[in-house]
Amino acid sequence: MPELPARPDLDHLRHQARDLLRAARRDDAAALARVRAVSDRVVLASAQLAVAREHGFPSWAGLKLEVERRDVLNRRDPTRLAELLARHPEAATTRMENWADHRKGADVLGYLAMLRLDHRRLGLPRDLPGSDAAARALIDAGAPVDGHPGDQETPLITAASCGDVGVAEVLIAAGADLDATAAPDSGGVPGGTAVEHAAVFGMTEVLDLLVAAGARVDSPEMAADLSAWPPERLGPQCRLRSLVFAADHQRLEVVDRLVAAGTPVNEADADWQRLPLHVAAANGKPAGVRRLLAHGADPTLRDPRHLRTPLEWCERSGDGGPGHAEVAAVLLEQMEQRL
């Protein structure tokens, strides 16, 4: 069954139906078989139904609605979204299905949160406002705040992973479960909470929002904060992981305390094989990078798992934003000084 492409064109689908109808009327055997599979009548409505069914939809109207819904969510147009929900309130409560880039389906609130990271792939502007207003409108129309049964993760976990503070704020205000966990076989942090996802993916604003809202924090690594955990009482591996997170979230005082407690800056942790400088560089965190360099972090060191330098991680992971550009400049300067 063909799935809808990530950037569908309803006019293109209409042309597909018309082309199918013309071929069927020319007695093309394959085209006739496709039309006859859904109707005895060789007319445009039958060809449209055939195209819809082949993409997994029960009707042409259902296919059109799904294409329209995704376009409205992508653009986060409040007027169009209000009109859509007035005509089809089920657009807020049903999962997005039959998409090539979301083969397991997608919750509408989770999909909205993903757009912050998916903008380049979908050809959308980097900073497109309105995700928080769109999330609020969907929730008001009945969208389940914690997603659907069987989802790999809740919308709040998705917002934490992708760093959409606006959507996270709306979800928290609507009563989202702060401590819900992702499925054991999910991507990201299997079995992890929203706090753990925000911590691992370097989404500091969402992490702080979750902690302020009362989300559970089980370890100093995830909080990137040592207020409740004196570094001298932590084991070596815990300190290494804490240094990675502190640098990534630019908790500079925490970085200093961990280094002062004897935490090595050029050693990877045993579990994830992550180095502090490499992670901060990959996520475009210039303050964290500068502080680690000041403490003797080696900008030429290659990480043990992927054998990349911090600069290579920065260039590979950069999104074109100012943070990555500043990190790249700092690392280049440091490497030139070593020549």
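This is a predicted model: local features need pLDDT of at least 70, side-chain atom pairs count only at pLDDT 80 or more; totals for chains, interfaces and linings use all residues.
Biologist: At the start of α2, how far is a side-chain oxygen of Asp-28 from the backbone nitrogen of Ala-30?

Modeller: A polar contact needs a pair of N or O atoms within 3.5 Å. Here, a side-chain oxygen of Asp-28 comes to the backbone nitrogen of Ala-30 within 3.1 Å.

Biologist: Now for α5, residues 78–87. Which helices do its buried residues pack against?

Modeller: First, the buried residues of α5 are Leu-81, Leu-84 and Leu-85. They span an arc of only 95 degrees around the axis, which puts them on the same side of α5. Thr-79 and Ala-86, on the other side, are exposed. The helices that the buried residues pack against are α4 (60–75) and α7 (131–140).

Biologist: And at the start of α5, which residue's side-chain oxygen reaches the backbone nitrogen of Thr-79?

Modeller: The oxygen gets to within 2.9 Å of that nitrogen on Thr-79. The residue it belongs to is Asp-77.

Biologist: How do α6 and α7 run, roughly parallel or roughly antiparallel?

Modeller: The axes of α6 (residues 108–118) and α7 come within 10 Å and cross at roughly 180 degrees. With angles over 145 counting that way, α6 and α7 are roughly antiparallel. On the α6 side, the contact is made by Val-108, Leu-109 and Leu-112. On the α7 side, the residues are Ser-131, Ala-134, Ala-135, Leu-138 and Ile-139, and the crossing is, again, roughly antiparallel.

Biologist: Let's look at a loop. Is Met-96 buried or exposed?

Modeller: Met-96 sits in the loop between α5 and α6. Among the residues it touches are Glu-66, Arg-69, Leu-73 and Tyr-111. Its relative accessible area is 1%, and under 20% means buried, so Met-96 is buried.

Biologist: How far is Met-96 from Arg-70 in space, C-alpha to C-alpha?

Modeller: Along the sequence, Met-96 and Arg-70 are 26 residues apart. Arg-70 is also one of the residues Met-96 touches. Their C-alpha atoms are apart by 8.2 Å.

Biologist: What about Glu-267: buried, partly exposed or exposed?

Modeller: Glu-267 is in the loop between α14 (252–260) and α15 (276–282). Its contacts include Leu-240 and Arg-274. Its relative accessibility is 39%, which means that Glu-267 counts as partly exposed.

Biologist: Last one: which residues does the UniProt annotation "repeat: ANK" cover?

Modeller: The annotation comes from an unreviewed entry. In the model, residues 190–222 are 61% helix and 0% strand, while residues 272–304 are 48% helix and 0% strand. The annotated residues are 151–183, 190–222 and 272–304.

Note on methods. Residues are numbered from 1 along each chain as its sequence is written. Side-chain values use heavy atoms; hydrogens and water are left out. Buried means under 20% relative accessible area, exposed over 50%, partly exposed in between (1.4 Å probe, protein chains only). Helices (H or I, at least four residues) and strands (E, at least two) are DSSP runs, numbered from the N terminus. The arc is that of the directions from the helix axis to the C-beta atoms. Contact means heavy atoms within 4.5 Å. A polar contact is a pair of N or O atoms within 3.5 Å; within protein, one must be able to donate a hydrogen and the other to accept it, and residues adjacent in sequence count only if both atoms are side-chain atoms. UniProt positions are given in the numbering used here, feature names are shortened, and annotations may be inferred rather than shown by experiment. Axes are lines fitted to C-alpha atoms, for helices over the stretch in contact, and angles run from 0 to 180 degrees between N-to-C directions. Angles under 35 degrees count as roughly parallel, over 145 as roughly antiparallel, 65 to 115 as roughly perpendicular and the rest as oblique. Lists of a residue's contacts leave out its neighbours within four places in sequence.
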